[in-house]
Amino acid sequence: MAGRILVLDDEENYAEMLQDLLRENNYRVDMATRPERAIAQLEEIPYDLVISDYKMPVMDGADFLKKARELYPNLPFILVSGLMNTPELVKVANMSVTLVMEKPLDTGVFLKHVARFSAPMTEEEKTQVVQDGQTAAAEAAALSYPAKPCFFSASNFSASRFLQRAWSIAKKGKELFILEPIGGDAELAVKDISHWRGNGDKPVDVISLSRSSSSDEEAMSQLRGVLADFEKSRVVCVRLSATADIARAQKLTKTLRCEVEASESLLLAYIVSADGRSAEFEATAGDSGVVLPPISLRPSDLAVYACRTARIAAERAGRSRCAAFTPEAVYALLTFDWPRNYKQIQEVLHAAVSASADQPLSLEVLCQALGKSIKPVVPNNRIATWMQAEQQRYLQEMIEQENMTANELAKELGLDAAFQSKGDFKNMPLIRDELSLF
Amino acid sequence: MPYSVLILDDDADFNCLLTDIFEQAGYIVTSLTDPIEAVDAFRETDYDLVVTDHRMPNMAGAEFLKVIKKIKPEVPVIMVSGYLENDTIRELISGGVGGVFLKPLNIFSLLERTAELIDEAKKVENAPESDAGDIGDASGVDAGVQLGFVFRSFPCKSGASASFAKRLYSLRNFKSSLSLIGEPGMHYRSICEDIRGFYENEAEHFVYLSKGSFDQEQALSLIKVAKQEGAERVTCVLLELEGMDESQKKLATSLAKHQGEFEELGVALRTVFCVCGDLDALFDEGLIDENLYILMGTAEVLVPPLRDCDIDVGVMAQQLVVEVAREKSLAAVPRFERSARDLFRQHKWTRNYQELRATVRKILEDHPGDIITHAAVKSALKFNEDVSLRTRFESHLSSQKIDYLRAAAILLGGDRDQTASFFGTDVNAIENQM
Amino acid sequence: MPHGCAEIIPMQQHRALILRSNRFLGSALVDKGLVTTGDLEEANGKFMKAIQSSDLKRASILSMLLFDFKKLEEAKLLDYLVEERKLGLVDLDFIELQSLRPMNIDLSLCWASSTVPFDHVEGTYLLASCYYMSAPVVKYWEDLLDGRVIWYGTTIASLSRALERIEEIHEAEDSANEDE
């Protein structure tokens with residue numbers, strides 16, 4: 001599978017030029033213009049290769065290299081710079097930079113080197129991405145967000161619907177309300193939204209609006225601070241402790257809009273982390289609200305995050321084999337219900353990698369990290385087990401949402417057997433046999 | 001009857017100006033700045049008129065004229081430009097341009113010429129031998145005939161809606177009551193607004209009363225207010241009649257018969273009943289009593305369901321898009337791909353206008369962008385249909401099944417073989433599903 | 001037994017049919033331009049009074065339009081039926097009428113729908129009606145008689161006389177039965 005390349009150069013034009021060059025050659029590339037931001041990206045996403053400039057403000061290439069190595073000891077690093085003098089060259093040589101190339105670049109040579117470290121997308125993947133980018137552009141013209149998200153994973157339909165909706169609110173509005181389950185990945189979505197709103201890779205600040213009454217002023221001044229800093233994104237995340245705070249939040253937005261200069265570019269993304277029913281949230285946030293489904297309902301996104309995290313953890317621990325999973329471990333990952341969502345995935349996988357030998361993560365290691373034992377199931381029954389569970393869950397949800405009794409629901413669905421209580425759904429066979437077969 | 005105009009000018013400011021001019025004159029405007037895009041749009045969508053500039057970077061106006069005349073020669077084209085050489089003007093004339101206007105624009109002349117050109121074009125369409133593609137419907141009636149009066153609730157390009165409009169117009173001077181009988185989701189209010197538009201007299205007032213607002217006090221006070229405002233005749237429109245309670249229905253009868261409190265109000269009083277459902281069926285079900293049955297049966301006008309007016313549906317959908325675009329202050333009015341609009345026209349619309357409106361809004365919400373694609377419409381329409389719990393349930397499960405498949409594949413590094421054995425099946429089966 | 005009494009109670013069962021058939025007739029007449037909406041409105045008012053006073057025999061929108069309000073000429077209506085609907089006409093005064101009982105038909109239905117079967121040939125019924133233009137009437141009778149029906153138009157007067165004659169036939173039958 002194709003890896004990703006990170007390009008860092010404080011001169012935006014140059015970074016873009018490199019990015020374009022690499023993309024033309026079928027690489028997946030992300031760009032950063034500030035070392036700190038590149039570090040932030042490195043923390044979230046496992047890259048195969050980093051290409052960086054040497055002379056940069058704040059942190060020069062050497063410092064960046066050091067920090068990046070802390071995260072990824074084996075990360076291939078190509079330094080691209082203007083003429084370096086001997087002492088500088090020596091310095092970086094001692095930091096095990098993988099390669100130094102001097103500007104102006106000989107593109108042919110450059111690309112040859114890149115190829116050593118990162119696999120370009122295969123035709124299949126490219127058509128996937130192009131298709132994905134074309135079903136994503138057809139979807140994205142249908143799905144309508146500007147590009148595939150870098151941070152948030154929107155592979156599952158409910159997630160992409162969430163992202164669409166969030167984007168449609170965010171792209172023209174000043175405020176966005178997100179209800180996420182505890183430990184959710186809403187912040188990742190906000191990061192992507194910040195990107196799409198033209199803030200490039202500027203970091204998105206996260207502040208909290210706590211329950212105490214004095215905190216409104218506190219929040220205001222924090223926000224003012226963030227907004228005055230041009231190095232920060234104009235999209236700011238504000239964590240609310242409960243749906244009840246939404247009204248306060250709305251007031252905050254209003255005040256801020258009046259005060260702040262150039263408030264059109266401002267977006268306040270309010271996040272409420274709570275489990276349970278969303279009716280109150282939807283009523284309060286109205287058209288500016290969107291609900292993020294729990295990760296257990298988004299299997300493919302769960303998979304993406306698990307892979308990413310395992311890779312990062314494995315690289316850091318120097319146990320590269322831990323970036324893979326045994327089939328039993330895969331089953332456990334997708335069966336577990338992840339009550340604390342994305343955050344829990346990160347915790348568990350880091351713990352699992354730490355506890356594991358340098359080999360694909362096994363069921364035992366995973367279960368220990370999960371704190372729960374998950375009975376393995378033979379391959380033939382795996383999909384059936386999942387579908388059964390999903391069917392039951394969905395029916396329960398329907399009963400609650402549509403306010404029906406089990407019996408009424410059974411009738412409405414045209415089911416034969418008599419259903420007295422929710423419990424009866426457990427034993428109900430799959431509504432269509434094909435669901436457990438291929 | 002709103003006509004649609006395509007405006008092409010690479011100068012954004014001027015483009016805006018032209019757009020405003022035409023929109024305010026009641027046209028539905030699509031404005032573009034790129035000639036190539038405009039050719040595509042012209043091909044995909046039916047416009048009643050095209051307005052273009054001459055000086056454009058990729059394609060001169062004269063060339064654009066040639067291209068579009070090859071596609072749909074019957075659509076009139078007006079050229080607007082800063083300066084044109086005589087030779088160019090000659091070229092344009094021989095190319096079939098309908099009007100040439102040099103800047104500074106005389107807006108009045110421009111709009112006048114526009115109306116003339118559209119009129120002429122419509123007349124040609126309606127000539128018996130003409131075969132103008134979209135016009136005409138199953139009943140073979142000459143649709144798109146000039147009605148002779150303004151009617152907005154239906155574009156009246158279909159035979160069914162044109163007959164309906166004409167019937168209403170012929171009954172407009174009804175003395176005591178009129179019944180509009182239709183299917184669920186009909187836009188009765190707009191239809192009544194059209195009836196009101198039949199009168200030039202300012203002293204005609206319409207008062208709207210629905211299930212939630214109809215009681216003696218309200219009705220009387222609204223009538224009194226109208227009278228104070230100078231009404232000589234007040235028409236009370238009763239909406240959702242079949243849903244009203246017994247006392248309201250009795251009140252409706254008294255109102256229609258000018259009995260009780262409604263006698264001698266000092267102003268001519270009429271009633272319009274708007275019901276969803278067949279009169280006989282409503283009577284059988286006990287939803288209307290004998291009095292109402294006979295009263296309403298007297299002057300009954302059946303509102304055509306949307307599926308009988310398929311040509312209209314296309315136009316109505318575009319009108320709704322314009323409405324939403326205005327509300328959201330969008331930079332450009334989204335337009336339908338031709339195949340997307342065809343889907344609209346073929347759809348059953350069991351809840352008629354209400355369903356149409358909700359669907360258009362949903363599509364624009366879920367798929368913002370300048371072009372409304374076939375796929376977008378298809379998924380929205382499918383969503384409407386799949387409203388049954390059972391279908392939603394099954395489709396959710398199917399799509400989750402595929403997602404689980406993808407998830408396993410991702411976790412197994414994208415290896416199809418491993419994924420297949422993970423599920424105890426073979427690679428082909430996996431490929432088929434994904 | 002006085003005429004009126006015997007028929008009132010049975011006619012109530014046809015109330016819905018009376019309402020419906022008259023509404024459709026009124027509609028049809030307006031539709032074909034034989035009367036105006038205003039005329040119909042007026043006649044309806046009186047019609048509703050008749051219905052609600054249980055004077056069901058009098059509850060005929062056609063009678064009202066023809067005689068009470070004189071908004072329609074019977075001749076014109078019959079012309080229309082012959083020209084446009086190709087309906088044959090029959091003068092029931094010249095027909096030998098029979099008892100309806102063998103056909104199992106209720107006389108009150110005839111009064112309610114201004115229609116009477118006056119002959120019966122090889123499983124096909126010949127019907128004379130004043131309400132041919134009212135679709136519910138046509139449908140009701142065709143459903144009742146299994147569709148084997150040929151329709152004729154007639155005047156109201158001729159129909160009323162015919163129904164009265166049939167009443168007499170029935171009374172004679174009843175007397176004959178009592179005697180036995």
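At what angle do helix α12 and helix α13 of chain B pack, and how far apart are their axes? Keep in mind that this is a predicted model. In it, α12 (residues 310–327) and α13 (residues 338–346) of chain B pack at an angle of about 125°, and their axes are 8 Å apart. Angles over 145 degrees would count as roughly antiparallel and 65 to 115 as roughly perpendicular, so α12(B) and α13(B) are oblique to each other. The crossing of α12(B) past α13(B) is right-handed.

Now look at who does the touching. On the α12(B) side you'll find B:Asp310, B:Val313, B:Gly314 and B:Ala317, and they meet B:Arg341, B:Phe344 and B:Arg345 of α13(B).

Next, step over to where the two chains meet. Here 37 residues of chain B are in contact with 41 residues of chain A. On the chain B side, the elements giving two or more residues are α14 (352–366), α15 (374–385), α16 (389–411), α17 (416–422) and α18 (427–433). The largest share comes from α16(B), with 17 residues.

Finally, over to chain A and its helix α2, residues 35–44. Which of its residues are buried? They are A:Pro35, A:Ala38, A:Gln41 and A:Leu42. Viewed down the axis of α2(A), these buried residues fall within an arc of 115°, so they line one face of the helix. There's a simple rule behind patterns like this: an α-helix has 3.6 residues a turn, so residues three or four places apart point the same way.

Definitions and conventions. Residues are numbered from 1 along each chain as its sequence is written. Chains are lettered from A and ligands numbered from 1 in the order in which they are written. This is a predicted model: local features need pLDDT of at least 70, side-chain atom pairs count only at pLDDT 80 or more; totals for chains, interfaces and linings use all residues. A residue is buried if 20 or more other C-beta atoms lie within 10 Å of its own, exposed if 12 or fewer, and partly exposed in between; C-beta atoms are placed from the backbone. Helices (H or I, at least four residues) and strands (E, at least two) are DSSP runs, numbered from the N terminus. The arc is that of the directions from the helix axis to the C-beta atoms. Two residues are in contact if their C-beta atoms, placed from the backbone, lie within 7 Å. Axes are lines fitted to C-alpha atoms, for helices over the stretch in contact, and angles run from 0 to 180 degrees between N-to-C directions. Angles under 35 degrees count as roughly parallel, over 145 as roughly antiparallel, 65 to 115 as roughly perpendicular and the rest as oblique. A crossing is left-handed if the near helix is turned anticlockwise from the far one by less than a right angle, and right-handed if clockwise.
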